[in-house]
Structures are given as structure tokens and as C-alpha cells.
Amino acid sequence: MAKKLHIRKDDHVVVVGGKDRGKTGRVLRTEPGRQRVFVEGLNIVKRHQRPRSVKDTQKSAQAGGIIEKEGPIHVSNVMLLDPQDNKPTRVGVRVGGDGKRVRYSKRSGNPIEG
């Protein structure tokens with residue numbers, strides 16, 4: 001069973017380890033089973049892609065060649081940015097007044113929307 005991630009899609013994160021250390025970006029998608037996140041514009045990898053023709057007239061064909069796209073980053077190498085002061089923070093979870101789980105910034109104590 002996959003461990004639950006504290007980082008979600010559309011969160012703003014900073015990379016704390018690896019070749020893109022210090023850069024920030026928005027999380028495009030997460031893979032909880034592999035403990036990976038994909039951050040917009042970071043960890044760019046080159047992939048050789050064959051051109052694909054789609055029979056459906058609604059969709060356009062994908063171009064071939066060498067394309068650049070975001071690669072996965074392990075979740076331990078990113079930290080959530082505190083929405084209050086844009087600095088890295090750890091994430092905690094507490095139960096709100098209405099009984100729902102709410103993520104909050106351990107740095108400032110403020111809830112994180114999302």
C-alpha cells in the first residue's frame with residue numbers, strides 16, 4: 001500500500017535536493033505509489049518519440065522527434081511553500097471545527113488551501 005503524500009496537485013513547491021535545488025514550481029501531477037511528483041518546468045528530460053497518427057478526426061496527431069518534458073522528482077526532495085511568506089515549510093494535518101481534515105503549515109500555523 002502506498003504511503004499518503006503531503007503534496008498535492010497544484011501545490012507550489014521548492015526543490016531541496018538534486019540538480020534543480022532551489023527552484024520553485026507548481027505540481028502538475030503526483031504518483032503516490034512511486035512517491036514521485038512532477039513539477040512544472042523542473043527536472044526536464046529528453047525523450048525520443050515516434051510520430052503517432054490518430055484515426056479520430058477530433059484529435060490531432062502527435063509530432064515525433066526529441067521532446068522535452070518534466071521528469072519525476074522524489075517527494076522527499078520537495079517542500080511545500082508557505083502561502084504566507086513563500087518559504088519552505090513542513091505540512092501537518094489537523095481536524096478542523098467541522099470535522100474535516102485540514103492541511104496546515106508548520107512554519108506559520110495557517111491552513112493551506114487546496
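Predicted model: local features only at pLDDT ≥ 70, side-chain atom pairs only at ≥ 80, totals over all residues.
**Pocket, salt bridges and rings**

Strand S7, residues 78–81, supplies the largest share of the lining of the largest pocket, at three residues.

The largest pocket holds about 250 Å³ of space. It is lined by 13 residues, and the closest to its centre are Leu 5, His 6, Ile 7, Val 75 and Val 78. By type, the lining splits into seven nonpolar residues, three polar and three charged.

Next, the charged side chains. Side chains of opposite charge can pair when their charged atoms come close. In this model the count is eight salt bridges. I will go through some of them.

Take Arg 26 and Glu 40. Their closest N and O atoms are 3.4 Å apart, and the two form a salt bridge. Where do Arg 26 and Glu 40 lie? Arg 26 is in strand S2, residues 24–31, while Glu 40 is in the loop between strand S3 (36–39) and strand S4 (44–49), so the pair ties together parts that are 14 residues apart in sequence. Arg 26 is partly exposed, at 27% relative accessibility. Glu 40 is also partly exposed, with a relative accessible area of 39%.

Now Arg 34 and Glu 31. Their side chains meet in a salt bridge, at 2.7 Å from N to O. Is Glu 31 buried or exposed? Glu 31 has 17% relative accessibility, and the cut-off for buried is under 20%, so Glu 31 counts as buried. Arg 34, at 48%, counts as partly exposed.

Asp 20 counts as buried because its relative accessibility is 11%. Lys 23 is partly exposed, at 43% relative accessibility.

Last, the rings. How many aromatic pairs does a search of the whole structure find? The search returns zero. Rings do turn up with charges over them, though. Arg 29 lies over the face of Phe 38, at 3.9 Å from the ring centre. Likewise, the charged end of Arg 94 sits over the ring of Tyr 104, and the distance to the ring's centre is 4.0 Å.

To recap: a largest pocket of about 250 Å³, eight salt bridges, and zero aromatic pairs. That is all I have.

Terms used: Residues numbered from 1 in each chain as written. Heavy atoms only, no water. Phe/Tyr/Trp six-rings, centres within 6.5 Å; stacked < 30°, edge-to-face > 60°. Lys NZ or Arg CZ within 6 Å of the ring centre and 35° of its normal. 1 Å grid on protein atoms, 1.4 Å probe; cavity = no way out; pocket = protein on both sides within 12 Å on 5 of 7 lines; lining within 4 Å. Points joined across faces, edges and corners; volume = space filled by probe spheres on them. Helix = DSSP H or I, 4+ residues; strand = E, 2+ residues; numbered from the N terminus. Nonpolar A, V, L, I, M, F, W, Y, C, P; charged D, E, K, R; others polar. Salt bridge = Lys/Arg side-chain N within 4 Å of Asp/Glu carboxyl O. Buried < 20%, exposed > 50% of the residue type's maximum accessible area, 1.4 Å probe, protein only.
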